[in-house]
Amino acid sequence: MASDTPRRNLPPLELYVPEPKFRPGDDADFSDIEVPPAGETRRPDTADDHGDMPDLAYGLVRVLDEDNKAVGPWDPKLDADTLRKMLRSMALTRAFDERMFRAQRQGKTSFYMKCTGEEAVAIAATFALDRDDMCFPSYRQQGILIARDWSLVDMMNQVYSNKRDRLMGRQLPIMYSTKQGSFFSISGNLATQYPQAVGWAMASAAKGDSRIAATWTGEGSSAEGDFHSACIFAAVYKAPVIMNVVNNQWAISSFSGFAGGEATTFAARAVGYGIAGLRVDGNDALAVYAATQWAAERARTNKGPTLIEHFTYRAEGHSTSDDPSQYRSANEAAEWPLGDPIARLKNHLIALGEWDEDRQAAMDKECAEQVKTAAKQAEKNGILGHGLHHPLETMFEQVFEEMPWHLKEQMQDMLDENEAANNVAKTR
Amino acid sequence: MSRGDNSTSQRNMIQAINSAMDVAMERDENVCVFGEDVGFYGGVFRATAGLQEKFGKTRSFDTPINECGIIGVAVGMAAYGMRPVAEIQFADYIYPGLDQLVSEAARLRYRSAGEFTAPLTIRSPFGGGIFGGQTHSQSPESIFTHVCGVKTVIPSTPYDAKGLLIAAIEDPDPVVFFEPKRIYNGPFDGYYDTPVEPWSKHPASEVPDGHYVIPLGKANIVREGSAVTMLCYGTMVHVTMAAVETLGIDAEVIDLRTLLPLDIETIEASIKKTGRCLVVHEATRTSGFGAELAALVQERCFYHLEAPIQRVTGYDTPYPHSLEWAYFPGPVRLRLAIERVMEDVSGEV
């Protein structure tokens, strides 16, 4: 509403609303993205002061070069066995995603989220962490569990909310949780796990433990207040935590510009907080491994937190409820300049003479078989659409450690209702 | 501080709260306290005074001005296995941290099927009567009683404050502990028109030095009576008592102490005895906790009631600064409500 007061002769202001470079029908062209050559970025000593490395927040740590060789100071120099294990975890994650995506389309569950194109982000990082380091993931880090050899059947039971789902059918599919696997319960409220990871890390430090925490969020939800709360606490108390921002370019249909990605890098947020910040090629498993290893060493030696931006691309939709063809160019994933993380690691192993296409094909088949067998086993425990798998009473359990009177009364009401409905659901 | 199991000391509420944390920290090294100004300075109300000196900086420390961070960090610490006691300097500031409490701490046990828990305590001064204006006076307790998985506790005396806070810290579930700051420094005499004596000079009362708990979920019958049941908590317990004594009415006054879980048995037994019910709280009326109390009493005791349930509450406005004594429910507002609730069905008083 214009003011009634006479104005000086000034040009009208304009509100800027960001717009992604490509929309459906456009040919994606990423030639403007600056991709520095692999091996070019310096690797500071892990004991160096965060203030001496702001350049790393604006660069891009890359290890695998155009000839599929590992080059430069960030090369973690992993043995071939470790590389093959990492490749297998990534392939298994992709196969798992494929199967569960189809399961959703077949009506076996309500919802699924793939991490296609981002497998290296979770898996290579997990390989660089200890198994008892606590992970506070967001919803696209199923690779952590797979890299930790967690049971696929157990994961699928959760996706299906079936009778063997340890979470009693209370969580949305894919929102895994396992204390034994050092994998913190996933929340649908975005970035809430960030301050929690910092708190866990602070407790570990206060207790003189040696375990560290790591957390992941998307670039979209790095706009949440929780992200900034976590950064200030992590910086102030030098918490032994690794804060990962998975910049996969899209937050459902909002491109990274709406999270501030046009103005600067996400890693650069670390600079303002006095945190070490690294920007990493998220489709380069070796770069992700090296960055995580570096950050973990800083955390373990009381040098404080590290914020790592994984520059990557969400090759699929946000979830099974999303239709990316409605808002982005069809060929973006194919044109993504940093390639596919699985293909790059595979080609690296081949270049080392430690792998070949036949073995890759055999492994892919094996992964598909493993997933298929697991799915059959999980489906024996039930799928979402087929009945109420858990006794009705479980709905009221674990709201509190002990059930208060009002929940007991409401539970009785529910049991009465079930009886009136001819006991359609099972009870204890 | 501790001088043996049976020793007691004169303490006002803030000193009792301080003693509760001291005792809890001494008994369990996982208990840590933090919040804005909590460490070196001991809190703006001095609730944590001396704790950093005694237990060190890793167990009592200052935090950034960031309620989302304070509560979020507390969730992580609790999930690790510690017993964090976080202070939100004023209840009015709890809103930026609400999501961490409501969506995270409250549901962690449920959504992880008991694998992860958040046994944390959020302490926060609440309520008006100290000329705090609309940013230092609110009573947001009903927001938390509406949330599944959080316990809400409000003490009204130094003795209760210590016993309830120790119980809250030792409780396996997340607890929001609202401290009525109007009576931090001593029992408030309950007269809004005679607080000429500075409230900071009000006397303390006897509080045990050592460890004791008042179980959560147990109300306290402050005064037995047969004419009407008055349900109240926090500062309003004192206002209610002042009104009852002035009017010379045979009221039963129940201090709820814990809003969730609520001691429904005590409430029900009392209403069935008196047949009349008056609910008193300082929070705004609409959707306030008094509405829940009135609904529960109506559902359970309707045929015992001889008059409609009455509510005495703050008004549905932000807390005014200069007019706060007109906002604050006082004995006169109670008297008018008591007159209404004591009316016979015939309409005669």
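Guide: A term to begin with: a salt bridge here is a side-chain nitrogen of Lys or Arg within 4 Å of a carboxyl oxygen of Asp or Glu. This is a predicted model, in which local features need pLDDT of at least 70 and side-chain atom pairs count only at pLDDT 80 or more, while totals for chains, interfaces and linings use all residues. Residues are numbered from 1 along each chain as its sequence is written, chains are lettered from A and ligands numbered from 1 in the order in which they are written, and side-chain values use heavy atoms, with hydrogens and water left out.

Visitor: OK, which residue does A:Glu379 meet in a salt bridge?

Guide: The side chain of A:Glu379 meets that of A:Lys108, at 3.2 Å from N to O. A:Glu379 lies in helix 11 (residues 357–380) of chain A and A:Lys108 in the loop between helix 1 and helix 2 (119–128) of chain A, so the pair ties together parts that are 271 residues apart in sequence. Helices and strands are DSSP runs numbered from the N terminus, helices being H or I with at least four residues and strands E with at least two.

Visitor: Is A:Lys108 buried or exposed?

Guide: A:Lys108 counts as buried, at 17% relative accessibility, whereas A:Glu379, at 26%, counts as partly exposed. Buried means under 20% relative accessible area, exposed over 50%, and partly exposed in between, using a 1.4 Å probe and protein chains only.

Visitor: What area is buried between chain A and chain B?

Guide: About 3,700 Å² is buried there, and carbon and sulfur atoms give 62% of that; buried area is the accessible area (1.4 Å probe) that two parts lose on being put together, summed over both. The contact, meaning heavy atoms within 4.5 Å, takes 45 residues from chain A and 45 residues from chain B.

Visitor: Which elements of chain A give two or more residues to the side that touches chain B?

Guide: They are helix 5 (193–206), helix 6 (225–236) and helix 12 (405–420) of chain A, with helix 5 of chain A giving the largest share, nine residues.

Visitor: How many residues of helix 5 of chain A are buried?

Guide: In helix 5 of chain A, 12 of the 14 residues are buried, including A:Tyr194, A:Trp200 and A:Met202. Just after this helix, A:Gly208 takes a positive phi of about 70°.

Visitor: Last one: where is A:Asn248?

Guide: A:Asn248 sits in the loop between strand 3 (241–247) and strand 4 (250–251) of chain A, and it is buried, with a relative accessible area of 5%. Leaving aside neighbours within four places in sequence, A:Asn248 is in contact with A:Glu118, A:Arg140, A:Glu219, A:Thr312, A:Tyr313 and A:Arg314.
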